[in-house]
Amino acid sequence: MNFVTSERNIQAAHEEAPRALTDMLGRTISYLRLSITDRCDLRCVYCMPKDMAFLPRKDVLDLEEIEKICAAFIRLGVKKIRLTGGEPLVRRNVMTLVEQLSGHLNGGGLDELTLTTNGTLLAKYADALRQHGMRRINVSLDTLNPESYASITRGGDVNDVIAGLRAAQESGLKVKINSLALKGINDHEFNALVEWCGARGFDLTFIEAMPMGDIGRCRVMSYMPASEVREELAQVWTLEETDHSTGGPSKYFTIKETGCKVGFISPLSGSFCEGCNRVRLTCTGQLFMCLGQGDSVDLREALREGRSVEDAIREGIFAKPKGHDFEYDRRSGCESGAVDRFMNVTGG
Ligand code: SAM
Ligand code: SF4
């Protein structure tokens, strides 16, 4: 990483008055999800096939390019950046990037720098993440059962994640757990997850599986609508309505017995696109305006050809699609409105 360039980027982003990024429907974009690698140390069955083909390394942005593009977003008014992937913590020199981006916090234009991780490497990185300004992170964990975890992730060890979560707590990071709701796979464990999270002070969000990328079978078989998850929890726990929001699509409830929050993200059974405030950048510099649509802008090309990255971002965001078209048809067993990109490419 070229530190001089980086300091200049931070200064420039700071000096220029932020101008709101708005799409043609009037939605203001203030949140960037950044997939810093499509690679991963796990192979979750709903996310990618066993023999996943990853993007060619030569196409991947280097850290300096990522930092320049982030600085452009911050100049344009983006306030929150989430590192994701793939597994962001497997990217070589990831902490150099975190350190550079953290320079935009504390009056440097950025309100929050955060991360979504599978947690396997958290024990190694939790302290450094906290030191570089992260305050809360999301950790994906669909089951507490070691066999079930190994099966869902095709070989992962749940104890690595549990050790990572302990390290995160000890370093002072606030944790939210993300669990995919998977019928016939982890649906008998939802109450155990609520209890486990409650005992540790973790909020928990259940997510509906989205049809992204060909995993060799239709996800409709394991699809479970958020309403069913909620009904199941309501048989055991007292779910109190709350207007708590993290600025995202989650609908939150407080679990009276534990004091922790439980959220539901329902891209299939509900609709949240009207209030969408985010865009996603892949590790090869493709800016996707919607998780569930193909519209993209090539920021790597703009950067490498010396064109204005800001103009490219504005152009793409102005034409942000109204929403996704994800749908499952249980009768035909089909996914429709699916996108061919895998979740690890676009960044979940
Ligand atoms: N590897 C990191 C992790 O697992 O947290 C970050 C990237 S992962 C793609 C981000 C989130 O996307 C995870 O919570 C994962 O469960 C979720 N995810 C993956 N494939 C999905 C799909 N097809 N539908 C819904 N969520 C999915
Ligand atoms: Fe890796 Fe995350 Fe996808 Fe699982 S969900 S395979 S951990 S990128």
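## Strand 8 and its neighbours

Strand 8 pairs with strand 11 (residues 261-265) in the parallel sense, over four bridges. Two strands count as paired if DSSP finds at least two bridges between them. Helices (H or I, at least four residues) and strands (E, at least two) are DSSP runs numbered from the N terminus. Opposite Gly263 in strand 11 stands Thr205. Strand 7 (residues 174-180) also runs parallel to strand 8, joined by five bridges. There, Thr205 is the bridge partner of Asn178. Strand 7, helix 7 (residues 190-200) and strand 8 form a right-handed β-α-β unit. Right-handed means that, with the strands pointing away from the viewer, the path from the first strand over the helix to the second runs clockwise.

Five of the five residues of strand 8 (residues 203-207) are buried, so the strand is largely enclosed by the rest of the structure. Buried means under 20% relative accessible area (1.4 Å probe, protein chains only). Asp203, Thr205 and Ile207 cover one side, Leu204 and Phe206 the other; all are buried.

## Basis of the model

This is a predicted model: local features need pLDDT of at least 70, side-chain atom pairs count only at pLDDT 80 or more, and totals for chains, interfaces and linings use all residues. Residues are numbered from 1 along each chain as its sequence is written, chains are lettered from A and ligands numbered from 1 in the order in which they are written, and side-chain values use heavy atoms, with hydrogens and water left out.

## Strand 3

Strand 3 (residues 31-35) is mostly covered, with five of its five residues buried. Tyr31, Arg33 and Ser35 point one way; Leu32 and Leu34 point the other.

Strand 3 runs parallel to strand 4 (residues 80-84), with five bridges between them. It also pairs in the parallel sense with strand 12 (residues 278-281), over four bridges. Leu34 stands opposite Leu83 in strand 4 and opposite Leu281 in strand 12.

## Ligand 2

Around ligand 2 lie Cys40, Leu42, Arg43, Cys44, Cys47, Met48, Gly86, Asn118 and Asn344. Each has a heavy atom within 4 Å of the ligand. By class, this shell has five nonpolar, three polar and one charged residues. Ala, Val, Leu, Ile, Met, Phe, Trp, Tyr, Cys and Pro count as nonpolar, Asp, Glu, Lys and Arg as charged, and the others, Gly among them, as polar.

Notes: Buried < 20%, exposed > 50% of the residue type's maximum accessible area, 1.4 Å probe, protein only.
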